[in-house]
Amino acid sequence: MSFRFLGPRAQIAAVLLFSGSAILLGACATTDASTESGAKDSAQLSPLSPARHIGPQGQVGQVVTDCGYSHSAADDPIVFPGQPGMSHEHDFFGNTSTNADSTTAALLKGATTCQKQLDTAAYWAPQLRDHGQAVVPVKSVAYYRAAPGVDPKNVVPYPEGLHIIAGDMTATEPLSPDLAGWACGVSSAHDAAPPQCPNSAPLRAVMTFPDCWDGVNTDSKNHKSHMVNSFEGLCPKSHPVHVPQLTFAVAYPISGTGHDLTLASGSTYGIHADFINSWDQEGLANEIRLCLNRDVVCGLSSNRDEDPLFGPK
Amino acid sequence: MRRTSFKFAIALLGILALLAVSCGGTDSDSDSDSGGSDSEATSGSAKTIAVPADKPTIQEAVDAAKPGDLVLISEGTYNEDVDVETDNITIRGLDRNKVILDGEFKLENGIRVLDADGVVVENMTARNFTSNGFYWTGVDGYRGSYLTAYRNGDYGIYAFDAVNGQLDNSYGSGSPDAGFYIGECYPCNALIDNVVSEFNGLGYSGTNSGGDLFIVNSTFRNNRAGVVPNSGSYELCYPERETTVVGNIVHDNNSTEAPAIEVALLAQGNGILLPGGVRNLVQRNLVFNHDRTGIGLVPYPEEDASDLAPPDTEWDTPCSETHDVEVPPIPSADCKAVDGLLKGCVVFWNPYENRILDNNISTSKVADLAVGTIDLLGLGVTTDLLRNCFSGNTFTTSAPSDLQALAPCDATGNGGSWDAGALDLLGLLGSPAAAPPKDTYKTTPEPAAQPNMANAGTAKVTPAPTGPPKVDIAAIALPARPAGT
């Protein structure tokens, strides 16, 4: 686990997060006398950066869902609910109805851009700009897996309507690329800033969401403290429920040189993503049970649909 | 939507699990997970579950089936995507051409077998699925017989991370990736026998598979490219190796109408192409009418690769031993880009030690037989050092020009020039075919009626393979040219 990317501000945030977690410990009627060391345990157990799967796909069970780009809007139903136009510009994927007024109930009735029609979840990320011009994404890819070290049998579906945010939109310095970063195609080598990519593996933004839920709240005041990352396969007592580790990638038609990339939210270090679990709940439960709990590779994402090597530029 | 009461059960399970984890002190880690396999408890004789007579849907019948049972499906069009998680069941249609799973371009997979061993699917059709017609993943033992898969968005018939299998007497068409695919396994212990694959991006594709993997007595025609197994570190179990391709008819794989992923556009116009494959045997195939090569051994350059190509001392590592090996990113000093051509961390997968024997290859526009590489990374690996060999082939053109004399099998070459008539790889790679319109797969031709299995209503269940196929390679002759071709 690496904390080398954490700046002082992030460390303060970490302390706040962990004290919040300690309060939640009270919700569970445990009688063990671990409260004194609980904060420490909790800190160790919920690092700000996730443990991430690296290397070739096919090593662990996964559900992969490819979702086309749906629309863009200055809306954010998690951070600015009911306030259209309040946010920086976002690109939306999956659910086609997502806007500032979206409720889980409404999203559950929405259509989807996903190849897997049961995936009516709402996914979004800040708009990417090249020389100030909006870049229309090619698609998004969502990978659902047990986080490294987590016993896949212990993973349960997200609760309906769970809100999660990955990454830090305010970052102006490099974050850990394990949390949110940039890659070429499906490569698991991530950088904090967009690398120069080949045609056969164009640019992707990749964000990994926390995978331990507090078991109670589908959102929280800062939209983060109800979720933390697992550590060495374990969730802390404050956030005891193992849910899938969602890694969300946005593929852009960006390769080669000559780009000047920014995000609608500012620096490309601030790449982040949001997720609302408005999947068909039965369908999601089925995929988690069949693919994650049984550790089966139910799908892959490849570079196969990208431009060929040596092809006309 | 299937299984309405299931939702409640899952919700309950979720709450129980939640309570168990959140407040349970000692985790009794095996409460709910393995509850699904009531299999061993089954005693008595296997039964037949008829659809729709006993159960209205295939899914309900499959869910009710115990190991050894037969799900027997009557004529009809079923708008279902069926998940199978019970070992050793057989799912059979009464009429291959009239028992039709139809995804209506909304559902993903016709039949998806997940970590259920020994499942047999036979005598039916799957069409119009956004991913695959028939799909086995994470299984030990599988068989697909008398299957028709067409107009499916990824693959027709697809086995991934699966061993001990057989696909026979089946037909796949209209997939932008491959009609037939067996990938990520070594040893695969699998047989593809007497299948027809046409109008696909690739007739056969298999990434990082091999080891007792046989493709025999089959026809690959009118795809964009015919038989194209390949290596790459984007999936596990590299390299592709030890695939045996014998006694097939491979012709006219130049289609500009077939659906295609980008790789198929790049491979277009080749009959049997081995990009980065090692230790394959290609013998007594009849190969004709290709815009590029009849049989081509070429490199697969992988940009931004996940791992380096393993040395030959690791080519016999079983796939199962690579699952838990951590693959850290390649140190930047260990790989490089090629100025102006290849970006990022480039890994070159070369074709090594392939044996090309006794094939009959004709009317290829670039070369009937070809092998080539480019030493772009300056590693000193040139075509003459790849140890591929060619003997007993009947052909007219080759690249290099004197290939069969330069590199005969089990004999010393004539020491001639590898440069004369060398394959212009850069030229070929630099001119891929034009992409078809999006969703071309949805409009590929309807196949003609296909032969049924014998006595589908009464035939006893034949289990799926449990070990490597027994194939008498020597008994498979060079096929005769089909009438009208």
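In chain A, 74% of the contacts with a separation of 6 or more are between residues 24 or more positions apart, two residues being in contact if their C-beta atoms, placed from the backbone, lie within 7 Å. This is a predicted model, in which local features need pLDDT of at least 70 and side-chain atom pairs count only at pLDDT 80 or more, while totals for chains, interfaces and linings use all residues. Residues are numbered from 1 along each chain as its sequence is written, and chains are lettered from A and ligands numbered from 1 in the order in which they are written.

Chain A holds 4 helices and 15 strands, where helices (H or I, at least four residues) and strands (E, at least two) are DSSP runs numbered from the N terminus. Of its 313 residues, 58% are buried, that is, 20 or more other C-beta atoms lie within 10 Å of the residue's own, with C-beta atoms placed from the backbone. Strand 6 (residues 139-145) of chain A is largely enclosed by the rest of the structure, because 6 of its 7 residues are buried.

| Strands | Sense | Bridges | Bridge partners |
|---|---|---|---|
| 6 and 13 (residues 245-251), chain A | antiparallel | 7 bridges | A142(A) and F248(A) |
| 27 and 29 (residues 342-349), chain B | antiparallel | 3 bridges | E302(B) and V347(B) |

In chain B, an open sheet of 3 strands has the order 27-29-28, with antiparallel pairing. Its edge strands, each pairing on one side only, are strand 27 (300-302) and strand 28 (336-338) of chain B.

Conventions: A residue is buried if 20 or more other C-beta atoms lie within 10 Å of its own, exposed if 12 or fewer, and partly exposed in between; C-beta atoms are placed from the backbone. Two strands pair if DSSP finds at least two bridges between them.
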